[in-house]
Each structure stands twice: as structure tokens, then as C-alpha cells.
Amino acid sequence: MNVADPAALVARYARNLPRYTSYPTAAQFTDAVGPDDARDWLRAVPAGDALSLYLHVPFCDTLCRFCGCNTAVLRSADARAAYAALLIEELRRVTEQLGAGHPVSHLQWGGGTPTTLPVGTLRQVMQTIRNSFTLLPDAEISIEIDPRHLPAQYPAVLHELGFNRASLGVQDIDPTVQEACGRIQSLEQTRTCIDALRGAGIRAINIDLIYGLPRQSVRGVRDTATAIAALSPDRLAVFGYAHVPWKQKRQNLMPTGELPDAIARFEQRAAINDALCAAGYLPVGLDHYSHHADPMGIAARNGTLHRNFQGYTTDPATTLIGVGASAISSFPQGMTQNAVSAAAYARLMGETPDRLPVVRGVRRTDDDRVRAELIERLMCDMEIDLGAFIARHGLRAGYFSDDMRKLSGLETDGFVIISGQRLHVTEAGRAFLRHVAAAFDHHLEMDMPQRHASGI
Ligand SMILES: C[S@@+](CC[C@H](N)C(=O)[O-])C[C@H]1O[C@@H](n2cnc3c(N)ncnc32)[C@H](O)[C@@H]1O
Ligand code: SF4
């Protein structure tokens, strides 16, 4: 890699790209796919196949200025409980199509901050899930938590309800960065939250960090990574700050003049990577780190890792059902997304009984399906034997020849090694996995680059 000239490198790679949490990506969703497709695809899920469930809660206790998620502060506990009642109703509509007792291997609550739901309503939704599905005994049951606002009774309740993993937002521990982002969170708060969760029996802890925020520096992000690694989370996700002010106007409330440029982002990412590896973490895919003993580290080593909308997962399920505002579902036939705002979601749920609150999606072609698998394997394993892949899918020889030609620049820069039909992404190329995947993306050219965040 030509690190002697990071500016030239960044100039070559600083384009806006999808994160390839799915293929086709959400940029391809249109209203040509709707609730009838979701209904048909739910009915087609084979009865014995374990699936993944995702529940979305779009509320937070306070809003962070950097946040790209669709969230709002809802002061009224009754209004939050009313939203939970809609989740229960949507689960009923889903099981009506799917059939009762379907096995579930992964259950994830995300947001927003799902712990903004009053404890009693969380209990009701979990009871509905247990009554309508069969949660497998070794199912991963996880929830996203804001360490600044976890109600005291929550850790014990989460344990009682079967949760076994929690994902905590940290981002950066430097007070000047926190001030710029409107998220003040002491290291002590994070430590206390982890201790409370582990003390209650929720042993597996994930932590989110971000680089590329205003006022972040190489030294600062390295200190954050080192301090957080000392708390021994089982996994970390390290996201590049996605500056999407056309989607999230509140990002303009940050001192955007103090955003690090692409070269600084690149160096910050490398500094976090070095600090986490030095602390004994295993890099996983584009942006995750795992303790060696964590199932994600094991899956990464033995080639059974998967990619989903939340990033990476150990769950092999081919069906993911998203419930709640903006939630995305994924089926072999395609993907669907619910109405995005909580208000639009509530309106759709109220309009027609039994109708799913789906507003858009995409149907997958045969070509999409093979490219989805290829991109997923690249994002997870960082290598693929295209000859074996082509043979396994019965494709014509040379099916990916045009795509492979697009990798020549990455090859010259030492980010990929191509030998015969084998494509291998080097460790230096890990940061450019999206660029590698993009070579196989047949929708990208038609896509508007502004719809994605920076690829570096
Ligand atoms: C739903 S939030 C996490 C849970 C909880 N609400 C919290 O903030 O602690 C999921 C994660 O998305 C990441 N995130 C949010 N906005 C982002 C952005 N604009 N760019 C990159 N990552 C972002 C943050 O790392 C955040 O922790
Ligand atoms: S980072 Fe978490 S707490 Fe902050 S606004 Fe986003 S979802 Fe809410």
C-alpha cells in the first residue's frame, strides 16, 4: 500500500458507497414492493426454518447531534406504551401469515433506545413473542442500550426476560468531542452500566465507537479505544461517522467546520484498529472487533459469519423479520421496509386491520441473489474462490469477468490479491472492503452517490 502518500490514496478512494449490509442496498427500495409482497413472502417461509426477529423503537431519552438514526424524544410514557401496543399488533399480523410457533434463533431490539419503553410494556411485547414464536434455547437475545439513561430496574428485568447480550453506545470518551456531539457520557457511566448488566447476568457486552466526528484526533481515538478495551467488552463496532445532513438536519448543529477530513478519518480508523488489536481483539469484517472466545470471533475464523442490517451476525437465518417503524425485513425473494416515522407507522397500522405497515422494498432477481451471496462472503471472509462459487451456482464461466476488471486499482494498491479465480482482500484492504464489494454491485451506477456516506 502506498501509505507514503495518503492524500493520493484518499483521493482515489474517497467516494460515497453503501455499507453493503444488504444487496441490493436500501437505495434500491421503491414503492413497487408493498404489503402484499411482504404477506406472500411471509407465507412462503418454510415452517421449520429458524428466523431472525428485529424490533425497532425509534425513541431516545435525549438526541445526539451526530446521530443518523430516525429517532425522537417522546416525553409521554403513555405514548411510548401505545407504540409498544402497535408492535404487539404487528407481531400478530406477522404470525397470522407465518403461522404460530415459528423457531427464532436471533432476537434483537434496536433503535433509537429500546429501553425508553416502560418496563411493563417491554415485558408484554416479550411475552407476545414467546407466545407467538418458539425462541430457541440457545437464541441470542440482544438489546441496544444508552449507558447514560438505563433505568435502575432494567438490568434485572432484561435478564429475567431472557436477554443475553447488550450493545452500548459510547462513540468517544473525550469531553471536547462529546461536547461537539451533544452527548456527554463519562467513562464511569459506561463502566457502571456494564457492571450493572454483567452483575444482573447479561454477560455479553458490545460497544459502539465512532471515528470521524468533529474534534476527534488520532491520539484521542486511540485513547478512547484503549480505555474502552480495558472494560473488556466482548465485541466492538467501530463506525466511520456518516455525515448525511440531507437526511438528518441535526448533524448541522455540530461544529461541522471541525470535521476531520478523509485523510484524518483514514488515520483515525487505523489508530483504533491498532489499539484494539494490541488489546487482543480480532478484527471482524469491515468494522467489528471480537474477543477470541466470543461467537462472532469464532464465526469469523471458521467462515460462518453473516452480514445483516445491524452489521455482522453469527445468525445463519435467511429470513429476518423487522417489526416497528422503519424496520426492514429480508427474505430470499427480496426486502421490505415499514413506514419510516413513528407517526406514519401508527397511521398505516390504524388504517387497515391485518395489513402489514410496509411502504417500500425491492424484489431480488436471480442475479441479485448470487451477487448478494458473493458480496456477503467478501464482507465476512475477505476472500472468495470465484471458480468454486460459479460452479456451485451453475453460472457461465466468466460471469464476473467485467466486475473483476474493476479491481485492478485495488490490486495495484495492494488491497486485493487475485490469483487465478481466487480473490483475497489483504489486511491493508480491510478498510476498503466496501470498494471491493462495489465492483460486484450492478445497481451502483444507477444509484445517486449522495444517498450514501463516505467510503473512507
Ligand atoms: C441506536 S444507536 C445505539 C444505542 C443507544 N441509542 C446509544 O446511543 O447508546 C446505534 C449506534 O449507531 C451509531 N451511529 C449513530 N449515528 C451514526 C452516524 N451518523 N455515523 C456513524 N455511526 C452512527 C452509534 O455508534 C450508535 O451507538
Ligand atoms: S446515538 Fe443513540 S441515544 Fe443518541 S440519538 Fe442516536 S439512537 Fe439516540
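With which residue does Arg123 form a salt bridge, and how far apart are the closest N and O atoms? The partner of Arg123 is Glu160, at 2.4 Å between the closest N and O atoms; point 2 returns to this pair.

1. Basis of the note. This is a predicted model, in which local features need pLDDT of at least 70 and side-chain atom pairs count only at pLDDT 80 or more, while totals for chains, interfaces and linings use all residues. Residues are numbered from 1 along each chain as its sequence is written, chains are lettered from A and ligands numbered from 1 in the order in which they are written, and side-chain values use heavy atoms, with hydrogens and water left out.

2. Salt bridges. The count comes to 29 salt bridges, the term denoting a side-chain nitrogen of Lys or Arg within 4 Å of a carboxyl oxygen of Asp or Glu. Arg123 and Glu160 form one such pair. Arg123 belongs to helix H4 and Glu160 to helix H5 (residues 154–160), so that the pair links distant parts of the chain, 37 residues apart. Helices (H or I, at least four residues) and strands (E, at least two) are DSSP runs, numbered from the N terminus.

3. Domain division. The protein chain is divided into domain 1 (1–7 + 365–456) and domain 2 (25–323), with bounds taken from an automatic or database domain assignment. Their C-alpha centres are 27 Å apart. Each domain contributes to the contact: 22 residues from domain 1 and 22 residues from domain 2, where contact means heavy atoms within 4.5 Å.

4. Domain interface. Between them, domain 1 and domain 2 bury about 2,000 Å², with 60% of it on carbon and sulfur atoms; buried area is the accessible area (1.4 Å probe) that two parts lose on being put together, summed over both. Zero salt bridges are found across this interface, but six residue pairs (both at pLDDT 80 or more) are in polar contact. A polar contact is a pair of N or O atoms within 3.5 Å; within protein, one must be able to donate a hydrogen and the other to accept it, and residues adjacent in sequence count only if both atoms are side-chain atoms. On the side of domain 1 that touches domain 2, the elements giving two or more residues are helix H1 (6–13), helix H12 (366–381), helix H16 (433–438) and strand E19 (453–454). H12 supplies the largest share, five residues.

5. Ligand 1. This ligand is surrounded by 20 residues, the closest being Phe66, Gln171, Arg183, Asp208 and Ala242; a residue is counted if one of its heavy atoms lies within 4 Å. Nitrogen atoms of ligand 1 lie 3.0 Å from a backbone N or O atom of Gly68 and 2.8 Å from a backbone N or O atom of Ala242. For Arg183, an N or O atom in the side chain is 2.7 Å from an oxygen atom of ligand 1. Gln171 lies in strand E5 (residues 165–171), and its phi is near 80°, a positive value in a residue other than glycine.

6. Residues around ligand 2 include Cys60, Cys64, Cys67, Gly112, Asp146 and Arg183. The peptide bond from Gly111 to Gly112 is cis, with omega near 15°, and Gly112 lies in the loop between strand E3 (102–111) and helix H4 (119–132). The bond from Tyr23 to Pro24 is also cis, with omega near -10°; Pro24 is found in the loop between strand E1 (16–17) and helix H2 (35–43).
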